[in-house]
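Please find below my notes on the model.

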Amino acid sequence: YIRNKVKIGAEMGINVSVVEEINGTQIRTSNSGWGGPFFWVATVDEAVNLIEEGRKKPFLVLGISFEEQYEDIIKYGIRPAICEYETARKLSELAVREHKICQIHIKVDTGMSRIGFQVSEEAADIIAQISNLPNIHIEGIFTHFAKADEYDKSATHRQIELFQQMIQMLAAREVSIPIHHC
């Protein structure tokens with residue numbers, strides 16, 4: 001049903017939920033047949049567990065990644081959500097040292113008010129600086145709709161406008177990001 005509602009040429013991601021149990025990790029993947037370029041998870045640890053279980057698609061971590069997880073991000077090719085320059089800089093240094101490319105996704109805060117770059121000229125400048133870091137490739141940019149499930153869609157429409165505004169500010173700085181997702 002959902003696949004029929006998605007614009008032609010658009011991809012769908014798969015949000016994977018991992019439930020820790022006493023006897024190990026149980027994986028809920030009822031939607032795993034949908035395809036899409038990524039498995040989406042909340043944490044680096046979830047991604048590592050699933051990779052070690054044999055999952056082959058790339059993993060995008062939607063939450064914050066901590067410095068003690070950066071080596072796993074590089075080792076396993078996990079895509080972190082980036083919402084500050086310092087994280088990207090440290091990942092860049094590690095990727096250079098390991099002779100790898102770190103694929104990242106920029107998180108834009110358009111209204112959820114948890115994590116992400118605010119929509120501003122200053123934030124666009126910082127993201128442009130990130131795009132120039134060695135061994136960093138900005139593969140995607142995304143936001144999270146805070147009220148998409150509400151009947152009144154005006155807040156969601158405003159978030160879409162802000163997201164598009166950030167993409168335009170980045171384009172003005174010659175930062176081209178191939179994947180946009182919400």
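1. Burial overall. Of the 182 residues of the protein, 40% count as buried, where buried means under 20% relative accessible area, exposed over 50%, and partly exposed in between, with a 1.4 Å probe and protein chains only. This is a predicted model, in which local features need pLDDT of at least 70 and side-chain atom pairs count only at pLDDT 80 or more, while totals for chains, interfaces and linings use all residues. Residues are numbered from 1 along each chain as its sequence is written, and side-chain values use heavy atoms, with hydrogens and water left out.

2. Secondary structure and surface. The protein has 6 helices and 10 strands; these are DSSP runs numbered from the N terminus, helices being H or I of at least four residues and strands E of at least two. Its accessible surface comes to about 10500 Å², and 49% of that belongs to carbon and sulfur atoms. The areas come from the Shrake-Rupley method with a 1.4 Å probe, and for residues only the protein chains shown count as cover.

3. Contact range. Taking contacts (heavy atoms within 4.5 Å) between residues at least 6 apart in sequence, 58% join residues at least 24 apart.

4. His181. This residue lies in strand β10, residues 179–181, and counts as buried at 10% relative accessibility. Which residues is His181 in contact with, leaving aside neighbours within four places in sequence? They are Trp40, Leu60, His105, Ile141, Phe142, Thr143 and Phe163.

5. Thr143. The loop between β9 (136–142) and α6 (154–172) holds Thr143, which is buried with a relative accessible area of 1%. Its side chain makes a polar contact with the side chain of Thr110 at 2.7 Å. Such a contact is a pair of N or O atoms within 3.5 Å; within protein, one must be able to donate a hydrogen and the other to accept it, and residues adjacent in sequence count only if both atoms are side-chain atoms. Not counting residues up to four places away in sequence, Thr143 touches several residues, among them Lys107, Val108, Gln159 and Cys182.

6. Phe117. Strand β8 (residues 117–118) contains Phe117, a buried residue with a relative accessible area of 6%. Phe117 and Met166 are 49 residues apart in sequence, and their C-alpha atoms are 9.5 Å apart in space.

7. Side chains of opposite charge can pair when their charged atoms come close. The whole structure has 7 salt bridges, each a side-chain nitrogen of Lys or Arg within 4 Å of a carboxyl oxygen of Asp or Glu. One of them joins Arg79 to Glu139, with the closest N and O atoms 2.8 Å apart. The pair links distant parts of the chain, 60 residues apart, with Arg79 in strand β6 (residues 79–82) and Glu139 in strand β9. Arg79 is buried at 13% relative accessible area, and Glu139 is buried at 10%.

8. Arg173 and its partners. Arg173 forms a salt bridge with Glu121, the closest N and O atoms being 2.5 Å apart. Arg173 sits in the loop between α6 and β10, and Glu121 in helix α5 (residues 121–131), 52 residues apart. Asp125 and Arg173 also meet in a salt bridge, at 2.6 Å from N to O; Asp125 is in helix α5, 48 residues from Arg173. Arg173 is partly exposed at 24%, as are Glu121 at 46% and Asp125 at 38%.
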